[in-house]
Amino acid sequence: MRTTASIVLCLLLTQLLLPVVPVSANLVDAGQTENINEKVVAWEQMNDGKILMVTGSGMLSVNSFEAGQHTEVWGLDLNVTANSATIDAGENLVAIAHNSGVVIVQIAQQIITQYLNTSNPVNAVDWDNDGDIWLGYYAGQRRADEWSGGVPTGIVTNAHTGGMNTMLITPTGEILTGGFDNRVKITSNAGTFVGQLTDMTSAVNDIALDANGRLLVGTAGGDFYRYNLTDYTYEELSITSNPQIVYVKQMDFATYHVGTQSGEIIEVSTSSFTEGNTYDTSGKVIGSLKGSNGEIYIVSGFSSSTRVHLFDIDSDGDGVTDALDAFPSDPSETMDSDGDGVGDNTDEFPNAADESVDSDGDGVGDNSDMFPSNGDQTIDSDGDGYGDNTNGVDGDAYPLDATQWADTDKDGYGDNPTGTTPDGCPTVNGFSTEDRYGCPDSDLDGYSDPDDSWTSSQGADALPSDGTQWVDGDGDGYGDNALGNNPDKCPTKAGASTRAWLPDPENPQQNTELPSHGCEDKDGDGWADASESLGMDNDPNEYLDLDRDTVGANADYNDNDARIATERDHCKLNYDDVREVCQGWRNNAYTDYYDTTIATNGTPMSFNSWNTTDSTGSTSDGEWYESDAMTDALVYGGMIFGGLTVVIIIVGIIMSRRKVATETKEYGGALPTSAAMNEALEGTAGSSATGGVESDSLWDDDVKPLEMQESTESEFEVESMDEASTSEDIFSGDESIESIASMGTEPEPVAEEAAPAPAQEAPAEAPPLPASGLPEGWTMDQWKWYGHEYLAKYGNE
């Protein structure tokens with residue numbers, strides 16, 4: 001980026017060197033002064049008056065320019081297809097745009113310092129105020145892209161419809177681009193689109209800044225604009241014959257040069273912004289220069305060559321213009337090759353004013369040759385004993401640095417360990433700059449990679465694969481740079497933490513998980529111990545204990561209440577929670593069972609399973625079972641129970657009929673009332689005085705009382721059996737209960753002569769109760785009468 005200050009400095013130097021030329025003096029076409037057999041794509045005069053030139057084949061050179069001819073001072077073959085070149089503001093670097101990217105060359109040392117490789121041709125290049133470089137793509141992307149550190153940053157300008165033609169960066173850091181869409185687009189160096197100038201009516205071919213910081217715009221339609229970049233007001237000048245403008249530049253404080261596609265230079269007044277003289281050559285104008293005597297040099301390009309054309313005066317009339325005439329007032333002399341004040345026509349040694357001998361045949365006289373016996377060297381600019389010809393014998397890799405002369409690994413740092421920026425790794429190419437120079441730097445952070453002779457404790461990069469970190473004071477693998485990747489939050493003490501429970505930066509009233517690398521983490525859970533709750537720093541499964549009950553939040557049923565650590569605690573405190581699980585924790589029997597099972601390393605059942613099992617009894621050994629076998633037992637047991645129920649109902653019917661016959665015998669045909677039956681069962685027989693009943697008539701079949709539930713199915717089965725079967729079809733055996741029952745529909749006749757049955761007396765005492773106690777459904781009065789029959793049939797169960 002050539003700043004406005006640089007332009008002003010060039011103009012001041014030009015004005016100081018230019019003599020006063022009479023207003024009446026007219027420049028004449030002095031013809032071509034030089035033909036270069038290559039197409040020149042960049043031609044720029046530097047502050048010291050030398051010309052930096054780049055050809056399309058990639059040849060970069062710095063030349064002295066005298067009388068319209070170039071004399072190469074030094075050259076460097078870049079071996080690229082070049083498109084343009086730009087010198088930075090300090091004239092320290094030059095960037096060459098080519099078809100495969102950009103090459104950056106250090107001018108003073110004449111070495112390549114950087115390559116930027118792209119997949120598309122780069123047409124223009126420039127630096128911004130941050131030192132980042134912008135690449136302009138005229139076709140394809142039709143925009144400019146920012147690069148930093150050798151890679152694109154992703155910041156780009158707006159694209160131009162149809163293509164881009166020109167680009168520059170202002171002193172304030174704005175990127176200006178012009179293109180076929182008749183616009184100049186303005187973008188900040190942060191990539192923000194600022195605006196665009198839309199006053200042009202044809203394609204924008206070239207833009208430049210003048211000494212006052214105003215923007216000059218040349219268009220394909222021959223219109224020349226001058227913008228004030230403060231308020232974007234502008235002036236417009238239509239050049240005569242509407243030529244296609246391809247070049248604009250301020251020559252001095254009074255004049256702009258406007259160059260055309262057809263080789264013309266039109267002078268435009270800087271004050272009145274009006275058109276002045278026109279100097280006509282051929283080819284496309286790529287540069288111009290006003291000489292010390294007011295002469296004008298026009299550099300124009302063709303497809304495969306470049307020409308320098310002079311417009312000057314010939315004061316002595318010898319046919320050689322003053323600019324080409326070393327002796328403009330002496331018609332007998334025109335040249336002074338060695339500048340000794342003697343013309344070549346009379347100078348016996350035209351190339352050296354005080355020389356006559358050249359021992360080493362290098363073209364430099366011995367009196368001037370600092371290496372008279374070395375044909376490769378003639379000059380030693382820094383006086384270190386090595387010649388400036390870097391590639392020659394005893395050549396100086398650093399011709400301007402007396403402390404350095406060799407660079408074995410070609411990385412730009414000298415081999416002399418006591419010299420300027422000494423190479424810490426002289427045989428290995430590298431670019432480190434912080435701890436030592438010229439050593440490998442894998443992450444490009446300026447700190448060298450550690451090796452056997454240079455460790456991180458001596459200054460090498462402790463984290464060589466992370467460009468944001470280089471020091472690790474405690475050696476825990478996390479860098480000390482607080483602004484880098486994964487910064488060490490505890491840089492003086494090693495640790496392995498990766499996170500911490502800290503106040504939320506956006507809401508300091510609340511804590512949140514935040515990155516915290518490199519702090520102590522005794523339990524290895526990733527949480528920094530200092531941020532964990534009291535007692536949680538030794539538990540890898542916990543880090544937080546909000547209620548400070550020493551139970552971590554992961555295990556704590558309610559970490560907001562110190563009274564509640566388990567579900568059991570919750571249920572004991574919250575009686576409004578009526579879930580089944582809480583009913584279990586409030587059941588003392590279940591909690592006793594649960595605690596006992598846990599204490600014996602068993603697996604306790606849920607409350608529902610325990611409650612279901614408990615309601616049906618437990619096994620003899622006190623253990624609980626919940627399995628498929630138990631399920632099967634319940635199913636088949638239910639079926640057997642149902643079957644027995646049916647049999648008992650049938651037996652009950654049979655015994656009822658038998659009882660009728662018996663009562664007829666006992667009471668003479670008078671049947672006992674239901675009240676009497678109830679009195680017998682209750683032990684108050686005879687109180688109703690409505691008929692008697694023999695107590696044991698209900699039990700003389702030795703049937704064990706059972707608690708049964710009637711069902712429609714059972715009733716249906718009994719009725720069906722009663723209708724379809726007789727006692728002989730169903731029962732057999734003389735000793736069975738059924739054999740003594742009356743199965744007919746009519747009671748057996750009673751003989752008239754039979755005497756009444758004698759009344760039974762109650763036994764003196766009841767038989768002993770079985771081990772299981774009084775059978776279910778029995779009264780003690782019934783047991784007193786019929787217990788002996790129960791014991792005879794079932795035993796002491």
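The following dialogue explains how several features of this predicted model are read.

Me: Which conventions apply to numbering, confidence and atoms?

Reply: Residues are numbered from 1 along each chain as its sequence is written, and side-chain values use heavy atoms, with hydrogens and water left out. As the model is predicted, local features need pLDDT of at least 70 and side-chain atom pairs count only at pLDDT 80 or more, whereas totals for chains, interfaces and linings use all residues.

Me: How many helices and strands are there in the protein chain?

Reply: Helices (H or I, at least four residues) and strands (E, at least two) are DSSP runs, numbered from the N terminus. The protein chain has ten helices and 30 strands.

Me: What is the strand order in the open sheet that contains β3?

Reply: Two strands pair if DSSP finds at least two bridges between them. The order in this open sheet of four strands is β2-β3-β4-β5, with antiparallel pairing. Because β2 (40-45) and β5 (69-77) each have a single partner strand, they stand at the edges, and one side of each is left without a neighbour in the sheet. The twist averages 20 degrees from one strand to the next; axes are lines fitted to C-alpha atoms, for helices over the stretch in contact, and angles run from 0 to 180 degrees between N-to-C directions. Within the sheet, β3 and β4 pair over four bridges in the antiparallel sense, and V54 stands opposite L60 in β4.

Me: Which residues have the most contacts inside the largest nonpolar core?

Reply: In soluble globular proteins, nonpolar side chains tend to be buried together. A nonpolar core is a set of buried Ala, Val, Leu, Ile, Met, Phe, Trp, Tyr and Cys residues joined through side-chain atoms within 4.5 Å. Buried means under 20% relative accessible area, exposed over 50%, partly exposed in between (1.4 Å probe, protein chains only). The largest core here has 16 residues, and those with the most contacts inside it are L52, V54, L60, L78, V94, I96 and V105. The elements giving two or more residues to this core are β3 (51-55), β4 (59-66), β6, β7 and β8.

Me: Is H570 buried or exposed?

Reply: H570, in helix α2 (residues 567-573), is buried, with a relative accessible area of 14%. Contact means heavy atoms within 4.5 Å; leaving aside neighbours within four places in sequence, H570 is in contact with Y557, I564, D577, R579 and C582.

Me: How many aromatic pairs are there?

Reply: A pair of aromatic rings is described by the distance of the centres and the angle of the planes. Rings of Phe, Tyr and Trp (its six-membered ring) pair if their centres lie within 6.5 Å; planes under 30 degrees apart count as stacked, over 60 as edge-to-face and the rest as tilted. The count comes to 23 aromatic pairs. Among them, Y593 and W610 are stacked, 6.3 Å centre to centre with 25 degrees between the planes. Both Y593 and W610 are buried.
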